[in-house]
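This report covers salt bridges, a surface patch and a strand pairing. The sequence and the structure are shown first.

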Amino acid sequence: MSALSEVLAGVSLSLSGRFRLQGQEALTGLRLWVDQTSPLLPLRLIVLDDESHSEKARENVLRLLTRDRVDLLFGPYSSVLTMAAAPIAEGHGKILWNHGGASDAIDEQGWRHLVSLPSPASDYLRGLPLLVRQRDHGISRIGILHAKAGSFAAHVARGAAEGAKAAGFGYIQVNVFDSPIADPGALLREAFVGEPELLIGVGSFQDDVAILRQRGRLSSVKALCVVAAGLGAIHREVGSLAEGVIGPSQWEPGVRYDISAGPDLAWFLSEYRARFQHLPDYPAVQAFAAGVVFMECFRMAGSLEDERLLEAAHTLDLTTLFGRFRLDPTTGRQVGHQALLIQWQDGGKRVIWPEQSAGGTLRYPLRS
């Protein structure tokens with residue numbers, strides 16, 4: 001393999017708009033990866049703001065591929081923007097290294113040039129109903145609120161409903177809403193027709209904040225979950241209203257893995273905090289891990305040619321600080337990584353599931 005003068009990496013991320021918190025986190029992860037990798041591979045990162053809009057994401061990816069002619073293309077944050085970017089990459093035979101899109105619909109399109117790291121959305125909350133029933137065998141009613149737009153929220157909700165059915169819940173009520181939530185009180189009144197004991201909200205960060213600001217209406221709920229609870233920003237936004245709330249997370253710093261590729265967790269946390277003056281949330285870690293997986297593929301392939309990199313990706317079975325990476329050889333679906341469940345306890349996140357990763361136990365019932 002001859003020496004490379006410069007490798008161009010490109011990414012369209014939400015640095016403004018509704019996904020800006022996650023997009024900015026992902027960018028910090030990529031920047032740290034570039035710093036760590038540049039002594040081994042001469043990298044230059046081109047970053048474009050998609051403003052949290054699908055059409056802008058498509059324009060950005062097309063520009064990166066045709067004008068900037070990047071060697072390496074990272075995906076945007078969010079499933080809806082990944083769904084917008086992936087067909088552009090596919091049409092150009094360029095791998096989209098997907099760190100930020102988890103909707104099952106992404107894997108259902110048959111795109112070959114897609115390498116995904118996150119656990120699929122339908123797995124996010126599949127284990128939650130059973131976890132709650134293990135603490136209270138008498139709980140039997142679940143309410144699920146999910147945003148109508150896109151496919152991510154619907155797939156999270158579907159997995160939760162399937163998990164509830166398997167766990168023996170006798171009543172499952174699903175309410176769909178337009179995002180952003182116009183009237184949180186009215187939405188909750190609809191949900192409480194079914195008298196839910198476990199209530200789940202799946203929307204944008206702002207939707208989940210709106211639900212948590214209604215904690216005073218939720219005194220009859222024994223367990224409360226919103227997807228945004230997996231982000232540290234939720235506590236900064238609503239403070240003590242987050243206490244006791246459950247959420248999914250793709251990664252937490254308290255979970256240790258037997259790492260076989262890339263730097264260890266101690267290095268990452270130290271370097272990240274030194275550069276960005278805060279601890280990372282999972283969008284930063286999964287973006288960094290996408291770079292680590294690319295480098296392993298590059299070492300195996302000995303080339304930046306996408307077909308050779310793709311072949312390498314489908315043979316990998318390794319563990320980064322983000323967790324295990326393994327693709328289903330037939331569907332390309334990520335089957336190695338496992339999502340976590342956290343609960344806010346005493347002002348911090350505690351991993352409560354799966355059992356082998358848990359640093360805490362579920363506090364139940366909810367106290368408002």
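Arg44 is partly exposed, its relative accessible area being 39%. The model is a predicted one. The side chain of Arg44 meets that of Glu6 in a salt bridge, with an N to O distance of 3.1 Å.

## Other salt bridges

The count of salt bridges in the model comes to 21. One of them joins the side chains of Arg63 and Asp68, at 3.6 Å from N to O. Is each partner buried or exposed, or in between? Arg63 is partly exposed, with a relative accessible area of 32%, whereas Asp68 is buried at 18%. The cut-off for buried is under 20% relative accessible area.

Asp178 forms a salt bridge with Lys148, and the closest N and O atoms are 3.3 Å apart. Asp178 sits in the loop between β7 and α7 (184-191), while Lys148 sits in the loop between β6 (141-147) and α6 (152-167), so the pair ties together parts that are 30 residues apart in sequence. Asp178 counts as exposed, at 51% relative accessibility; the cut-off for exposed is over 50%.

Salt bridges also link residues into a network. Its members are Asp104, Asp123, Arg126, Arg158, Glu162 and Arg333.

## A nonpolar patch on the surface

Which residues form a nonpolar patch on the surface? They are Ile172, Val174 and Val176, and together they have about 210 Å² of accessible area.

Val174 belongs to strand β7, which covers residues 171-177. In a regular strand, side chains alternate between the two faces of the sheet. Val174 is partly exposed, with a relative accessible area of 43%.

## Pairing of β11 and β12

Strand β11 (residues 317-320) pairs with strand β12 (residues 323-326) in the antiparallel sense, over 4 bridges.

Note on methods:
Residues are numbered from 1 along each chain as its sequence is written. This is a predicted model: local features need pLDDT of at least 70, side-chain atom pairs count only at pLDDT 80 or more; totals for chains, interfaces and linings use all residues. Side-chain values use heavy atoms; hydrogens and water are left out. Patches are made of residues with over 30% relative accessible area and no salt bridge: like charges are joined within 9 Å, nonpolar side chains (Val, Leu, Ile, Met, Phe, Trp, Tyr) within 5 Å. Accessible areas come from the Shrake-Rupley method with a 1.4 Å probe; for residues, only the protein chains shown count as cover. A salt bridge is a side-chain nitrogen of Lys or Arg within 4 Å of a carboxyl oxygen of Asp or Glu. Helices (H or I, at least four residues) and strands (E, at least two) are DSSP runs, numbered from the N terminus. Buried means under 20% relative accessible area, exposed over 50%, partly exposed in between (1.4 Å probe, protein chains only). Two strands pair if DSSP finds at least two bridges between them.
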